[in-house]
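Please look through the sequence and the model shown below before reading on. The report then takes up a few residues in turn and ends with the chain as a whole.

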Amino acid sequence: MASKFLKEKLNLLGKLGCVLCILGSTIIVIHSPKKKEIEDLTILFEKLQDPGFIFYVVCIFGSTLFVACFVAPRHGNNNVVVYIYLCSGIGSLTVMSFSSEVL
């Protein structure tokens, strides 16, 4: 999106990273456990209130908030792993939210 809207040029590693992200997300969703689809909103709300899911969401938000506020300003300019962690953590929530496990 940055290359389209902000007219930024992507180098080979940037393009490879985009392809790997799309490929990885697709593989995770395709190979997620097949369960019956949820047809009622009350069942969806019950699954969203599952203690395991809530624990996962709290851990991801807490750790990404810590990394964004304390680690990224100090080490983000020198180490790209910081930003990969942030993108992966928040991205995992979107993949988990749209997988057949929750929906």
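Leaving aside its neighbours within four places in sequence, with which residues is Ser92 in contact?

## Basis of the report

This is a predicted model, in which local features need pLDDT of at least 70 and side-chain atom pairs count only at pLDDT 80 or more, while totals for chains, interfaces and linings use all residues. Residues are numbered from 1 along each chain as its sequence is written, and side-chain values use heavy atoms, with hydrogens and water left out.

## Ser92 in helix 5

Once neighbours within four places in sequence are set aside, Ser92 is in contact (heavy atoms within 4.5 Å) with Tyr56 and Ile60. Ser92 belongs to helix 5, which covers residues 81-98; helices here are DSSP runs of H or I with at least four residues, strands are runs of E with at least two, and both are numbered from the N terminus.

The side chains of Ser92 and Tyr56 are joined by a polar contact of 2.6 Å. A polar contact is a pair of N or O atoms within 3.5 Å, where, within protein, one must be able to donate a hydrogen and the other to accept it, and residues adjacent in sequence count only if both atoms are side-chain atoms. Ser92 is buried, since its relative accessible area is 18%; buried means under 20%, exposed over 50%, and partly exposed in between, using a 1.4 Å probe and protein chains only.

Thr64 lies in helix 4, residues 51-75, and is buried, because its relative accessible area is 7%. A polar atom of the Thr64 side chain lies 2.7 Å from the backbone oxygen of Ile60. Not counting residues up to four places away in sequence, Thr64 touches Tyr85, Leu86, Gly89 and Ile90.

Phe61 is also placed in helix 4, but Phe61 is partly exposed, with a relative accessible area of 48%. With residues up to four places away in sequence left out, Phe61 touches Ile90 and Leu93. From C-alpha to C-alpha, Phe61 and Ile90 are 7.7 Å apart in space, although 29 residues separate them in sequence.

## The chain as a whole

The protein chain has 5 helices and 0 strands, and, read along the sequence, its pattern is α-α-α-α-α. Of its 103 residues, 17% count as buried. Among contacts between residues at least 6 apart in sequence, 57% join residues at least 24 apart.
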